Amino acid sequence: MASHRPLGATELARGLLVNRRRPELESIARETDPERFIWRVLPHAARSFAASIAVLPPDQARAAAVAYLYCRMLDTYEDLIDDPAVSISQLRRFAARFDLDEMSPPPAISPERARDDRDLVYLLLISRCELVDGVFAALSPEVRQRIRELVQEMAEGMAWSTEAFSRQGGVLLDEDQLALYCRHVIGHPAMFVVQLIGVREVTEPIREDTLLASEMIQLANVSRDIELDLARGIAYHPALKPHLGRTGYERETAPVVREVRQEFMLTAMSRAPAYRRLFEGLGLRRNTSVRTAAVLMLLFTDLHYRSCAVRTGHQPWPGPRGRLQVVAEAVSALVSPRRSSQIVRRVERNFRSAAAGLSPVNRA
């Protein structure tokens with residue numbers, strides 16, 4: 001298979017500049033080369049994760065891209081199928097295809113379920129899954145086995161959350177359930193990446209810090225999409241249950257949304273030390289590509305929480321003001337291990353300081 005894996009700052013910037021609100025669906029759909037397809041669809045499917053994947057060494061980047069796209073397909077079965085029993089069945093059918101000698105086509109989802117162009121990208125990804133399968137087949141047996149385990153673990157985690165939302169009236173009940181959800185959605189992929197970058201022994205402290213860091217990252221997605229999730233009838237906090245089905249901007253709903261978003265921020269910021277411990281303990285500063293990927297991920301997470309501060313009525317702390325500025329700062333991490341450590345520690349300090357200025361939410 002010819003390698004079309006994007007290289008360098010030019011391709012990274014190109015991925016960042018794609019219009020996610022108006023994806024070139026017809027052009028991507030016409031792509032027939034498996035590897036070109038994964039790199040063209042990844043920026044639309046993975047948002048800020050795509051940048052961190054793109055700067056990894058080629059073999060690791062290819063494996064991470066394939067793993068992410070399979071996980072995105074699982075997300076689509078969870079998000080776009082309303083019937084919990086059907087959703088769980090489709091999740092498990094998708095995971096079971098990895099046990100076959102020749103993978104079968106994934107379960108189809110009607111295009112009518114798409115809510116916007118972003119969903120159409122996800123449905124296109126499922127319909128062209130054979131192209132992702134083509135890149136998967138060219139990976140080493142060890143990496144294929146790890147991706148198989150990741151997909152099957154994540155499918156079961158999503159089946160758990162789908163059943164929990166259904167049983168509990170559309171909400172998660174407490175912080176423990178929220179942490180478990182985050183670990184299912186991002187924790188398993190994060191553990192996959194830790195092994196992919198060459199960590200030979202995943203000790204219990206490494207495992208726990210990886211899972212804590214994954215909570216910080218996934219809570220960015222959860223806190224960003226509160227209003228969208230309410231509109232589709234789910235919420236990741238029990239206080240939002242009376243507001244399910246609303247837009248989140250109603251007079252009586254908006255204050256609750258603000259308080260919940262602030263609570264998610266506090267939880268996420270308390271996980272920042274775990275990210276720094278991983279960065280330093282795994283020796284990431286000695287690996288140029290992985291170091292840059294880790295800094296990019298953290299800076300995008302920081303960018304989100306600064307916008308989150310504004311949405312909750314707080315003053316944001318200093319930092320890159322947009323996606324291109326994030327990449328520009330990450331370039332300094334690319335050339336300087338010391339600079340990368342300074343960035344990681346700065347973000348942790350800013351999170352600690354911001355958290356101290358946020359009042360815990362008290363409810364009767």
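## Close-ups of charges, rings and cysteines

View 1. R128 holds its charged end over the ring of F37, 6.0 Å from the ring's centre. Keep in mind while you browse that this is a predicted model.

**View 2. Y70 and F136, an edge-to-face pair.** Searching the whole structure turns up 11 aromatic pairs. In one of them, the ring centres of Y70 and F136 are 5.7 Å apart and the planes meet at 75°, so this pair counts as edge-to-face. Y70 belongs to helix α5 (residues 58-80) and F136 to helix α8 (residues 129-137), so the pair ties together parts that lie 66 residues apart in sequence. Are these two residues buried or exposed? Both Y70 and F136 are buried.

**View 3. Y181 and Y236, a tilted pair.** With ring centres 4.8 Å apart and planes at 45°, Y181 and Y236 make a pair that is classed as tilted. Y181 is in helix α10 (residues 175-196), while Y236 is in the loop between α12 (226-231) and α13 (254-269), so the pair links parts of the chain 55 residues apart. Y181 is buried, at 5% relative accessibility, and Y236 is buried too, with 8%.

**View 4. R40 and E24, a salt bridge between a helix and a loop.** The whole structure has 34 salt bridges. In this one, the closest N and O atoms of R40 and E24 are 3.7 Å apart. R40 sits in helix α3 (residues 34-46) and E24 in the loop between α1 (8-17) and α2 (25-30), so the bridge ties together parts 16 residues apart in sequence. R40 is partly exposed at 27% relative accessibility, whereas E24 is exposed at 52%.

**View 5. R148 and D99, a bridge across 49 residues of chain.** The closest N and O atoms of this salt bridge are 2.7 Å apart. R148 is part of helix α9 (residues 141-167), and D99 is in the loop between α6 (84-96) and α7 (117-127). R148 is partly exposed, with a relative accessible area of 24%, and D99 is partly exposed as well, with 46%.

**View 6. R183 and E208, a bridge between two helices.** The side chains of R183 and E208 meet in a salt bridge, 2.8 Å from N to O. R183 lies in helix α10 and E208 in helix α11 (residues 204-224), so the pair ties together parts 25 residues apart in sequence. At 19% relative accessibility R183 counts as buried, while E208, at 29%, counts as partly exposed. Elsewhere, salt bridges that share partners join R72, D75, D79, D229 and R232 into one network.

**View 7. Cysteines without a partner.** How many disulfides are there? The count comes to zero. For C129, the nearest cysteine sulfur is that of C71, 12 Å away. The sulfur of C182 is 13 Å from its closest counterpart, in C308, which is too far for a bond. C129 is buried, with a relative accessible area of 0%, and C182 is buried with 0% as well.

View 8. V331, L334 and V335 make a nonpolar surface patch of about 260 Å². L334 is found in helix α16 (residues 323-335) and is partly exposed, with a relative accessible area of 38%.

Terms used
Residues are numbered from 1 along each chain as its sequence is written. This is a predicted model: local features need pLDDT of at least 70, side-chain atom pairs count only at pLDDT 80 or more; totals for chains, interfaces and linings use all residues. Side-chain values use heavy atoms; hydrogens and water are left out. Patches are made of residues with over 30% relative accessible area and no salt bridge: like charges are joined within 9 Å, nonpolar side chains (Val, Leu, Ile, Met, Phe, Trp, Tyr) within 5 Å. Accessible areas come from the Shrake-Rupley method with a 1.4 Å probe; for residues, only the protein chains shown count as cover. A salt bridge is a side-chain nitrogen of Lys or Arg within 4 Å of a carboxyl oxygen of Asp or Glu. Helices (H or I, at least four residues) and strands (E, at least two) are DSSP runs, numbered from the N terminus. Buried means under 20% relative accessible area, exposed over 50%, partly exposed in between (1.4 Å probe, protein chains only). A disulfide is a pair of cysteine sulfur atoms within 2.5 Å. Rings of Phe, Tyr and Trp (its six-membered ring) pair if their centres lie within 6.5 Å; planes under 30 degrees apart count as stacked, over 60 as edge-to-face and the rest as tilted. A charge sits over a ring if NZ of Lys or CZ of Arg is within 6 Å of the ring centre and within 35 degrees of the ring normal.
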